[in-house]
Amino acid sequence: EIMMRSLLTILFIATVATAFTSPGANTVSLARSTSSNTPSSPTTSTTLFIDMGEPERKALTRETEPDEFFSTNTDKMSDAEKIPIALMGLAGISLPFIAGMIALYAAK
């Protein structure tokens with residue numbers, strides 16, 4: 001009986017959640033009904049054109065791409081400056097395993 005009650009509660013919550021998250025559940029129709037007896041006003045459209053001049057760059061292609069466009073700060077460092085970063089990464093990966101092995105051998 002408790003399992004059946006739990007299953008029904010989960011089903012109810014899922015149904016309510018689906019009802020509130022379904023697309024169209026929160027949409028409001030803003031269409032106005034017009035009767036055929038009322039005259040409709042003429043509609044005019046205004047278009048605004050703004051000239052921003054030439055774009056800075058056309059499209060980024062292999063030919064127009066500068067060499068340093070996608071380079072990071074690490075790419076700009078020399079190999080001697082990258083060695084400490086590599087050693088810290090290696091130590092960060094290795095030390096948990098070494099500590100685990102020490103803990104296993106100490107527990108014997």
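These are my notebook entries on what I looked up in a predicted model of one protein.

**Entry 1, confidence.** I began with the pLDDT values, since this is a predicted model, and found a mean of 75 for the protein, with 58% of its residues reaching 70 or more. I then looked up the helices one by one: confidence is lowest in helix 1, residues 2-21, at a mean of 81, and highest in helix 3, residues 79-106, where the mean is 94. Over residues 25-35 the pLDDT is below 50, and beyond near neighbours in sequence I find three contacts for this stretch in the model. Where pLDDT is low, the predicted coordinates should not be read in detail.

I noted three helices and zero strands for the protein, and the order of elements from the N terminus on is α-α-α.

How many of the 108 residues, as a percentage, count as buried? The value I have is 0%.

I looked next for nonpolar surface and noted a patch of about 430 Å², made by Met4, Leu7, Leu8 and Leu11. Leu11 belongs to helix 1. Is Leu11 buried or exposed? I classed Leu11 as exposed, because its relative accessible area is 53% and the cut-off for that class is over 50%.

My last entry concerns Thr74, which I located in helix 2, residues 73-76. Its relative accessible area is 39%, so I recorded Thr74 as partly exposed, the class that lies between under 20% for buried and over 50% for exposed. I also looked up the separation of Thr74 from Ile85: the two are 11 residues apart in sequence, and their C-alpha atoms are 9.7 Å apart in space.

Methods. Residues numbered from 1 in each chain as written. Predicted model: local features only at pLDDT ≥ 70, side-chain atom pairs only at ≥ 80, totals over all residues. Heavy atoms only, no water. pLDDT = per-residue confidence, 0-100. Helix = DSSP H or I, 4+ residues; strand = E, 2+ residues; numbered from the N terminus. Contact = heavy atoms within 4.5 Å. Patch = residues over 30% accessible without salt bridge, like charges linked within 9 Å, V, L, I, M, F, W, Y side chains within 5 Å. Areas by Shrake-Rupley, 256 points an atom, 1.4 Å probe, with all protein chains shown as cover. Salt bridge = Lys/Arg side-chain N within 4 Å of Asp/Glu carboxyl O. Buried < 20%, exposed > 50% of the residue type's maximum accessible area, 1.4 Å probe, protein only.
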